[in-house]
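Biologist: I would like to learn how to read a model of this kind, one feature at a time. Could we go through it together?

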Amino acid sequence: MKFLHTSDWHLGKVFYDHSLLEDQKFFLNQLRNELAKASDGGEPYDALIVAGDIYDKAVASSEAVKLFNDFLEDVHGAFPDLEMFFSSGNHDSATRLSFASQFLHRQRIHIATDASECDRGIVVGSGDDAAVVYQIPFLQMGSLRLEDGTVLRHQQELLEEACRRIESAHEGKKIPCIVTAHVFAGSSVLDGSEKSFVGTAEQIDPKVFRNFSYTALGHIHKSQKAGSDAIRYSGSPLSYNFGEKGEKVLLSVNVASGKTEVTEIAVDPLHAVVRLEGTYDEFLKNDFSRHADDYVELICTDSLVHDNPIENLRSKFPNILSFRVLRKEASGQNMAMEQRRKALEKIQDGDISKIFDLFMADVYRNKSEELSTKAYGEEKKLFVRIAKDVQSQEEA
């Protein structure tokens with residue numbers, strides 16, 4: 001059996017107030033092209049497996065729903081024999097995603113949202129190329145019960161019960177067993193976005209999947225193995241955080257004759273996600289033309305505060321989404337705060353000018369020349385006069 005493994009599309013995702021629908025459409029077109037390339041080459045894919053988080057929100061936008069609908073219609077029309085598997089993730093609404101699932105099931109589009117049906121496998125292919133696919137949606141507390149009615153609450157025990165049911169259902173079958181699940185496997189490497197996407201999801205021991213021919217995992221955005229060559233995360237197809245590193249991929253999986261072969265297929269993004277670090281002057285003066293089409297976050301190493309930095313830099317970085325000033329280490333900040341507190345305690349009543357000096361020295365700590373200008377002296381006098389006026393009004 002030959003299939004594509006992907007996950008965590010997060011259709012409708014808004015990235016720093018910027019819609020990624022066009023980026024996601026660009027990716028879906030690449031996925032379709034990979035299906036077409038394999039079909040034209042005489043080695044078509046038998047299935048497409050998407051391991052959860054189809055949408056970014058439980059109540060998906062109409063544009064996101066339309067994008068998913070258009071994809072299903074296009075791919076099913078072009079490859080009517082392709083079996084497509086989608087399971088709900090923690091970002092999806094299981095109820096909404098399951099709409100028309102029985103009808104879609106007859107069109108070879110299998111949407112799994114009910115954990116109690118995890119042992120209902122779908123046979124893909126025939127003869128020596130056949131395999132059975134079982135789908136485990138994201139498991140909530142109470143998604144499964146034991147035979148005696150005991151409600152299962154924790155991810156590990158829920159996964160163990162789901163896998164026990166699948167193993168029991170598959171017992172005696174002489175063909176590969178493919179499982180898809182949306183879980184947080186222990187020892188997984190997290191990139192920037194998973195801290196918010198994974199949230200408080202409990203970690204599970206990936207050994208629970210050890211008896212399956214291949215386990216297609218979703219939930220973690222970095223492509224990686226989960227303790228075995230046959231237990232893998234495809235990762236998200238796009239970067240959803242400036243802290244994410246590494247190439248985004250689709251996984252092409254071939255399970256046959258007791259062997260599993262996995263090939264990574266690079267995803268070419270419409271816009272790369274890039275974090276750059278430097279001084280404000282470097283951002284203004286240096287050549288960054290190679291990043292003209294990228295989504296950019298700039299980390300400014302200056303200690304100065306700049307007015308409207310994003311707008312001022314937009315001509316150099318048309319897709320700048322974030323501008324941040326690099327902060328000193330917390331210990332250094334705490335020490336500086338303590339030094340300022342002690343200095344303020346030593347200032348006698350009426351010596352308001354020293355407060356101004358402390359503040360400006362803090363703002364211009366690396367620009368001492370700014371503290372000796374004529375304008376600085378005039379600003380200091382104005383501050384003292386305003387402060388005394390306020391003080392007089394409070395005492396009146």
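Biologist: In which sense do strand S8 and strand S9 pair, and over how many bridges?

Modeller: Strands of a sheet pair through backbone hydrogen bonds, either parallel or antiparallel. Here strand S8 (residues 131–136) and strand S9 (residues 177–182) pair in the parallel sense over 5 bridges, where pairing requires that DSSP finds at least two bridges between two strands, and Val 179 in S9 is the bridge partner of Tyr 134. Strands (E, at least two residues) and helices (H or I, at least four) are DSSP runs numbered from the N terminus. This is a predicted model, in which local features need pLDDT of at least 70 and side-chain atom pairs count only at pLDDT 80 or more, while totals for chains, interfaces and linings use all residues. Residues are numbered from 1 along each chain as its sequence is written, and side-chain values use heavy atoms, with hydrogens and water left out.

Biologist: What is the strand order of the open sheet of 6 strands?

Modeller: The order is S7-S8-S9-S12-S14-S13, with mixed pairing. Strand S7 (122–124) and strand S13 (224–228) stand at the edges with a single partner strand each, so one side of each has no neighbour in the sheet.

Biologist: How should I read helix H1, and which of its residues are buried?

Modeller: An α-helix has 3.6 residues a turn, so residues three or four places apart point the same way. Helix H1 (residues 21–40) has 20 residues and reaches 28 Å from its first C-alpha to its last, close to the 28 Å expected at 1.5 Å a residue, the expected span being 1.5 Å times one less than the number of residues. The buried residues of H1 include Leu 21, Phe 27, Leu 28, Leu 31 and Leu 35, where buried means under 20% relative accessible area, exposed over 50% and partly exposed in between, with a 1.4 Å probe and protein chains only. Just after H1, Gly 42 takes a positive phi of about 85°.

Biologist: Which residue forms a salt bridge with Asp 74?

Modeller: A salt bridge is a side-chain nitrogen of Lys or Arg within 4 Å of a carboxyl oxygen of Asp or Glu, and the structure holds 11 of them. Asp 74 forms one with Arg 32, the closest N and O atoms being 2.8 Å apart. Because Asp 74 lies in helix H2 (residues 62–78) and Arg 32 in helix H1, the pair ties together parts that are 42 residues apart in sequence. Asp 74 is partly exposed at 34% relative accessibility, and Arg 32 is partly exposed at 23%.
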